[in-house]
Each structure stands twice: as C-alpha cells, then as structure tokens.
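Keep the structure in view as you read.

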Amino acid sequence: MPLRLLPSALVDRIAAGEVVERPAAALKEIVENAIDAGARRIEIVIDGGGRRLLRVTDDGAGMDADELALAVERHATSKLDDEDLLAIATLGFRGEALASIGAVARLSIASRPAGSGEAYEIRVEGGVKTPVRPAALGPGTRVEVRDLFFATPARLKFLKSERAETMAAVDAVRRLALARPDIGFTLVTDDKAPATWPARGSDAAGRRARIADVLGHEVARNALDIEGLREGARLTGLAGLPTYSKANSLSQYLFVNGRPVRDKVLIGAIRAAYSDLLPSDRHPVTVLFLDLDPREVDVNVHPAKTELRFRDPGLIRALIVRTLTDALTAGVPRTSSTGADRLAQLARPEGWRPQGAPDGPRGSYDWTRSWAAPGDGAVPPGGVREAPARFDFGSIAGEGAMAGGVASLALGLALAPSADARADAAPAAPDLLERPLGAARAQLHETYIIAQTRDGVVVVDQHAAHERIVYERLKAAMERDGLARQMLLVPLVVELDPAEAGRLAERAEALERFGLVIEPFGPGALLVREVPALLGEADIPALVRELAEHAAEWDDALPLERRLLHVAATMACHGSVRAGRRLRVEEMNALLREMETTPNAGQCNHGRPTFITLALADIERLFARR
C-alpha cells in the first residue's frame, strides 16, 4: 500500500485515544479549561457515567464568536506565549482536548465574554462542525458532551460500568477541587444528591477547609499540617497520621504547581517517609502541594498531563521525605480518632439502651440489654432474656473519680468481658494529669495501661508502646556511635534450618552493627556470642529464629539502610515489655513519660496504634449525659 496522508477526521480520532481515554479524562480537560479561564464558580453534571452527558458551566472569561470557532480546532490555544514550553503556568496548553472530544462525541459549546451582551454556540458531532450561531447564556461558558464515543463504538467496549465510570469522573473533579479551594464547585450525578463545595481561601486554612469539604472531616481531623522549603521548592498540605491509613494509594492526592498528578518520584518519597511507620500493605492519606519554578519541571510528557519529570528529582525526594518525617516525629504523639470511635462502639454494644434519666450529676442509670430480637424467643446462656444492671457513679470517691470510674466501666465493657478480669488501681498524681498521656491509674489483663488526663482517658498497649521506644533507641544508637554489646558468659547455640542458618550467617557483618555477634556452628546451627545491651533479658533464640525466617526477604537490591532497619524492628519487638507482664505504677508512668518524648510514639513498628484517647465528653455520650 502506498504512503498517503490520513484524513483529518481519522487523525482526530486517533489523537482522541490518547487525550480522551474515558469520560473522566474528558471531564478533567473541560474543567481545567474553566479554571484556566478564571472561573470562580463551576457546575458539573454527570449522567450515565459520563457516556450520556457531561456538562460543565462556569463564570469565566468566555469567548466571542471568532474564538469559539477556533476553540474546536486542533492545537488552538491561548495559554502559550512565545512558544515557551519551559514555563507552563496553566493546566492546559496543548490545544487538543476540545478537538479530540468533538471527534468522538456530540459536543456543544456556548459562551459569552464578560461585559458582552451576546452569546454564541458551536456544535461538533463526530468531527463535523456546524457554523457558530447566537445562543442564550449568561457571562461564562457552558460545555456539553453527549453520547461520548458514539463515533468510535469500539472504545465503548473498554469502558467499565456506569457506576465505575461515575466514580472515576467524580474523583477527577475532587482532585481539581482540592487543587483550587478558592473556586466554588457544584457536582451533580445521577445517583447521589448534588455536592456543593463553597469557595474557600487559598491559604492553609482554606485548603484544610476544602479538604474537609471534599474528603470529609475525618481526614482533616487525622492529618498534620506540613510545610517545607528547599532550594526554591515549597511543600505544603496535610499528611495523615500513620494510624489513619488505607489499603490502597488512591487517597494520596498530589499537586505540582496546582496540577493534579500521579508521579513515581512523589509516591516513592511518600512511601520512604512512612516506611518506619506503616506496614507494607498500608498506604498513608496525604494531600500535598508542591510549588516550584515551572522551568524545573516538564509537564509536556503525555497528552493526559498527569505525568511529569523533574529537573532535579533528588531535590524533590529529599524535600518530601524530610518535611514529612519532621512533621510526623515532632511534638506529642497522636493517633487517629478512629481508634476512639471503635472503642466507643465496643463500649456500648448494639442492643444496650438507657432506661429513665439520671438523677443528678452524680446519679445512676438503669440499663437493660435485650439479648434477642423481639419475638424470636431466643434465650442467652444462663437462661436470662433481659439482664438489668445498675451502675452507681455516686459510690466512686476522690477527685477526678467520675472520669476514672466511667472510663473503667467503658473499658471493662470493651476490654474485660471475662468475669475474672482484674485491674491494679493506682492513685492519680495531680501534676501528671496535665501531661499529654496523663497519669497511670490501672493495668488491665497485664497488657493495657489505663491513664487519666484532665479531660479524658488514655488506653496504652504496653508492648506496642515499648516496642517503638526500643526501636527508636536502636536507631539513635546506631546513628550516633553504634550499639553497646553485652558478651554472653556462655555462648548460645541456636538450631535452625540449614538454609536459614546459611542466609543469616551471610549477613553476620550487618547484624554486628546492631550488637548481635553470630557465627556458624556446624550445619544448621549458629553460635551467638554477643547481644545488644539495650535488649535486656530478651529471648535471644526466638530473636535469632525470627531474623532467620525474614532473611530470605532481604533482597540484595534493597538498600542496606532498609535491611538494617528491618533488623532493628525485629530486635525492638523482642526487647520490649511483653503483654502479660504486670507493671508497677512507677513503671507505667515512666513508660508514659518516655512515650511523650519518643518520635513516632503513636504507633509501633508494625503500624498499629500504641494508644487510644477517649475524651471525657465521649464517655459522657456513652452514658447519655450529653
């Protein structure tokens, strides 16, 4: 077949395959045009997952008749000056979106410039344009896309369900709304009530308010404000607490110069910053805004404009890792509010209901639990259908006793259902009540420390908390001058699988940096001569066996630092206070004080929370006092 030029309509449809791969991509391009036009209010309508209808109405600058005719031509744009692709300050710049959409759908654009009394409209169906004609419209622009991909029916086969396409389109709008909190958005879909996000300020407070609007107040409550600056690049936004994580990375919202992106450098830097705080299968919630000189980043990598390249990726990675690490390790440890919510649900199980009203501020309640649904005739073990109980708060004496007594009751329901549960009571020192983690009051099941603050209760998992403390000590000692070793009077022989023993022996030099000195001792055995002094009376054979099991996962391609930190985490687990050990009041308070000064003390090395805070107001709501 001889060489020939393809028809322009076919060229447009081929190009549309890159720009408009699904309804969400088309919607993103149209909304970006509205933002670039200076809109202050944008209304979006999605029907049929975007296949039947996409409509975007804005109050931006608008276009006159001549500009409207040019807008649907390929590579027609008002966003590039002097052909400078090195300093792009707008979301769009290629001039391909509207032409691509018009090539595969029924497109209509109506627009009226600000200050003009006339509006005009143009239509494009499958690449065929109609003349510009007068229309009725207020200042701004309205873009309608109907029957998307009607001109390329093969593409319809690759689309997902209407619900999935709607969710993708909504996510695209959410990301743009997060990028521009100073613009008001209204989103209408065919399966939910309209969502309205009012315009907020463009400062940190405005961004936090918009994040609460779009992602929910729970995200805003469980995130830290961050700000970092390095060689002209500035990072701001919110970083989620490690104990508030997700099963996938879809809740990581990244913006570069106001542009929503999915970039490997940024995602990798976030993963590195949280590597000590989250298990490998969990992902943090982040909303990060990176602002830098447009000449330092290339956004002209792909027609979708979600990929980019940095001139100095090492600088950007260092900025993100350092800023996130500093924010997550600074100040008093925090855990997510979801832990307290779960505890509150456990403390008042479904089926419990108050009878009557409290008689005075220190009165009592009658509670009745219905063990079975009405009419089912079920009887619980013990033969009692209705189990009444009377909890008398007035019998609890001493300053602050109401908070402690109610907390003990709530925790008793949540953590101590067995009849033989015992708690070691301790008096509350008034000065310790003002500390962030309060004063130790009791230990339940030799596992959980109950502390009282001035306005609430803190529940601490003693093993998880001490594990983090030991881990941070190990890291600090390694960075400072190495770990102090303790020579064993009688070396320990640890029997292992021959393959595991061989793998661990190969890493003897790395383990020695942590004070664990081992050497081969015949087939399938290792001799332990020295152990880290920080581990105290740890079960050394169990530690060696666990290290041997994980040695196969230490890929040689993994940086040495990451492999060493994995060793430190395993050692910290074996060198910490174990669950089931009874602690004295002094030991419990000492653990609380050390948690307050230890970086990342809100979660253990495996990403689990080390404590849960339950405010007195939450406890009072459990008992219908609020």
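## An open pocket

In the second largest pocket, α6 provides the largest share of the lining, with 9 residues. Keep in mind that this is a predicted model. Helix α6 covers residues 162–179, and α2 (23–36) and β14 (259–261) also supply at least two lining residues each.

How much space does the second largest pocket have? Its volume is about 930 Å³. In total 29 residues line this pocket, and the closest to its centre are A168, D171, A172, R175 and L250. Sorted by class, the lining has 18 nonpolar, 2 polar and 9 charged residues.

Rolling a probe the size of a water molecule over the atoms shows where empty space is left. In this model, there are 2 cavities of 30 Å³ or more. The second largest cavity holds about 40 Å³ of space.

Which residues line the second largest cavity? They are L235, L254, F255, V256, L266, L288, L290 and I320. By class, that makes 8 nonpolar residues, with no polar and no charged ones. Strand β13 gives the most to this lining, with 3 residues, while β13 and β16 (286–291) each supply at least two.

## A serine in a loop

Now find S249, which sits in the loop between β12 (245–246) and β13 (252–256). Leaving aside residues up to four places away in sequence, S249 touches R262 and H283. With R262, the side chain of S249 makes a side-chain polar contact of 3.4 Å.

Notes:
Residues numbered from 1 in each chain as written. Predicted model: local features only at pLDDT ≥ 70, side-chain atom pairs only at ≥ 80, totals over all residues. Heavy atoms only, no water. Helix = DSSP H or I, 4+ residues; strand = E, 2+ residues; numbered from the N terminus. Polar contact = N/O pair within 3.5 Å; in protein donor to acceptor, adjacent residues only side chain to side chain. Contact = heavy atoms within 4.5 Å. 1 Å grid on protein atoms, 1.4 Å probe; cavity = no way out; pocket = protein on both sides within 12 Å on 5 of 7 lines; lining within 4 Å. Points joined across faces, edges and corners; volume = space filled by probe spheres on them. Nonpolar A, V, L, I, M, F, W, Y, C, P; charged D, E, K, R; others polar.
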